[in-house]
Each structure stands twice: as structure tokens, then as C-alpha cells.
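This report looks at side-chain contacts in one protein chain.

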Amino acid sequence: LVEMKRDGSEEPAPLHPAQALWDRPSRFTTRGELLEAGIQYFELMGEIPIVVLRDRSGQPAELQLVRPPRIFPVLSHERLPAGFIYKIGTESIPLAQEDVIFIRRPNPMNEHRGLGVVQSLLLQLVGR
């Protein structure tokens, strides 16, 4: 995108912060790497959990894809997701609901988790 200046010349339009974050999700991950790994998780486990890391001012600064088996929804009294717990080793890290982008395929056995293609085939094979 370009912007027209008053003198008729063009200059590149500044990126919206969301576009800049999407173009470079983190210091260690490119957009292509985030998408490729996310698609793999989606096909295998039916989930793409992305943690939003914030800067000191509270603005989104990085997107970090995490492994689906390590993240767990924390449910409110109304059985709605109120947040998440990320477990790594013996450590449990609480995450606010607004700090997790949790994309998932429908799972008829658990409305809060996804179901991958391979998992759904296994259910058919074992007769559940």
C-alpha cells in the first residue's frame, strides 16, 4: 500500500500494528513458520493455540504458537472459558483469556477442545 503526499508523490503507507505483528510474529518465528506449524497442529490435534505476549505498555508484541497438549482451558462457573493454564514440566503458567487465540475444530466429546483429523479417524476405527 502507498500513500499520496500533498506534492503528488507516493510513499509506502505505514503498517497497522496488527499487520506488522502478523508479518513478524516473534523474534524467533516467521509468519510462514507460524502458519506451517499451526496447520500441522490443526490437522493432527484439531487445535492452534497462539499465546499473545505483550510489551510493558500492554500492547501485543509477539505471537507464540504453543503445543496443544500443554494448554488447558480454565472454565468459569457458567462452564465458559475464563482463561488458560500452560503447563511445561512441573510449572503451570496462568494465561488470561484475551492472551490466547485458541482456534479449534469442533469436538463432539468436548466443546472446549479441538479434534484432529487423525483423532476422529481413530474414534471411528475403535468404535467410540
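## Burial and the model

Buried means under 20% relative accessible area, exposed means over 50%, and partly exposed is in between. The model is predicted.

E62 has a relative accessible area of 13%, so E62 counts as buried. Its salt-bridge partner, R27, has 60% and is therefore exposed.

## The aromatic pair

The structure holds 1 aromatic pair. F84 and F102 form this pair. The ring centres are 5.4 Å apart. The planes make an angle of 40°, and the pair is tilted.

F84 is buried because its relative accessibility is 6%. F102 is buried too, with a relative accessible area of 13%.

## A charge over a ring

One lysine sits over a ring: K87 lies over the face of F72. The distance from the ring centre is 5.3 Å.

## Salt bridges

Side chains of opposite charge can pair when their charged atoms come close. The structure holds 6 salt bridges.

What is the N to O distance between the side chains of E62 and R27? The distance in this salt bridge is 3.0 Å. E62 lies in strand β4, residues 60-65. R27 lies in the loop between α1 (17-23) and α2 (31-45). The two residues are 35 apart in sequence, so the pair ties together separate parts of the chain.

R54 forms a salt bridge with D99. The closest N and O atoms are 2.5 Å apart. This pair also links distant parts of the chain. R54 is in strand β3, residues 47-54. D99 is in the loop between β7 (91-96) and β8. They are 45 residues apart. R54 is partly exposed, with a relative accessible area of 37%. D99 is at 16% relative accessibility, so D99 counts as buried.

K5 and E11 also meet through their side chains in a salt bridge. The N to O distance is 3.8 Å. K5 is partly exposed, at 40% relative accessibility. E11 is partly exposed as well, at 33%.

How values were computed:
Residues are numbered from 1 along each chain as its sequence is written. This is a predicted model: local features need pLDDT of at least 70, side-chain atom pairs count only at pLDDT 80 or more; totals for chains, interfaces and linings use all residues. Side-chain values use heavy atoms; hydrogens and water are left out. Rings of Phe, Tyr and Trp (its six-membered ring) pair if their centres lie within 6.5 Å; planes under 30 degrees apart count as stacked, over 60 as edge-to-face and the rest as tilted. Buried means under 20% relative accessible area, exposed over 50%, partly exposed in between (1.4 Å probe, protein chains only). A charge sits over a ring if NZ of Lys or CZ of Arg is within 6 Å of the ring centre and within 35 degrees of the ring normal. A salt bridge is a side-chain nitrogen of Lys or Arg within 4 Å of a carboxyl oxygen of Asp or Glu. Helices (H or I, at least four residues) and strands (E, at least two) are DSSP runs, numbered from the N terminus.
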